[in-house]
Amino acid sequence: MAMDCISIIVPVYNAAAYIKQTMEMVRRQTYTDWELILVDDGSTDSSPMICDRYSGTDARFRTIHKVNGGVSSARNAGISLSQGEYVMFVDADDSLSPDALSLLSAVTVEKPDIVIGGFNIYQGEIPYRTVIPYDSEFYPSAGLSEFFDATMHRLGELFRGPWAKLYRSSVIKKHSLRFNENLSYAEDKLFVYQFMNKISSAAS
């Protein structure tokens with residue numbers, strides 16, 4: 001698998017109503033070097049069958065089935081199977097613009113440990129706020145304080161969850177980073193902050 005491949009991890013639990021749309025959004029990405037890891041977390045609806053069907057039509061789709069353990073357990077299972085240089089987390093009901101991966105990967109030339117993107121916050125189906133970094137820049141180790149000031153201090157909402165980011169797989173593996181399966185609240189934010197504590201470069 002190519003070094004610049006992005007491993008997209010999607011936890012799936014009883015998501016039959018919307019998982020097809022999410023998978024199609026990934027398939028239509030203008031950036032094509034990705035693998036989609038669908039982690040069926042003990043679904044009781046038709047989600048497992050839908051995921052298996054898609055996995056049979058595109059070699060970049062991979063489906064695994066496990067007993068229900070919660071979203072953190074599913075994400076961790078996906079991390080263990082990921083082969084890409086970067087990992088991205090997408091929820092089963094998320095939306096992605098067709099150029100989402102292209103925009104994020106465009107700033108990976110200098111191999112930052114994390115790439116911070118933007119996202120829209122919805123109320124129901126209506127977008128009511130857009131959260132994006134103030135600039136697009138690479139921050140080496142010596143510039144991390146500037147990065148934190150430009151993102152975390154001024155726009156901490158960028159870190160409210162694991163989405164809209166690329167995480168370098170080597171950092172995750174080196175420090176054995178995982179989502180805390182014993183937490184049911186803010187476990188995703190905890191993972192982001194634990195990862196940020198280990199980085200030596202960043203981009204937005």
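Predicted model: local features only at pLDDT ≥ 70, side-chain atom pairs only at ≥ 80, totals over all residues.

Modeller: Residues are numbered from 1 along each chain as its sequence is written, and side-chain values use heavy atoms, with hydrogens and water left out.

Colleague: Which element gives the most to the lining of the largest pocket?

Modeller: A pocket here is an open set of points on a 1 Å grid over the protein atoms alone, where a 1.4 Å probe fits, with protein on both sides within 12 Å along at least five of seven lines, and lining residues have an atom within 4 Å of a point. The largest pocket has a volume of about 950 Å³, and among its 30 lining residues the closest to the centre are S95, G118, F119, N120 and A164. With strands being DSSP runs of E, at least two residues long, the element that gives the most, with four residues, is β6.

Colleague: Where on α1 do its buried residues lie, seen down the axis?

Modeller: In helix α1 (residues 19–27; a helix is a DSSP run of H or I, at least four residues), the buried residues (under 20% relative accessible area, 1.4 Å probe, protein chains only) are I19, T22, M23, M25 and V26. Their directions from the helix axis to the C-beta atoms fall within an arc of 155°, so they line one face of the helix.

Conventions. Points joined across faces, edges and corners; volume = space filled by probe spheres on them. Buried < 20%, exposed > 50% of the residue type's maximum accessible area, 1.4 Å probe, protein only.
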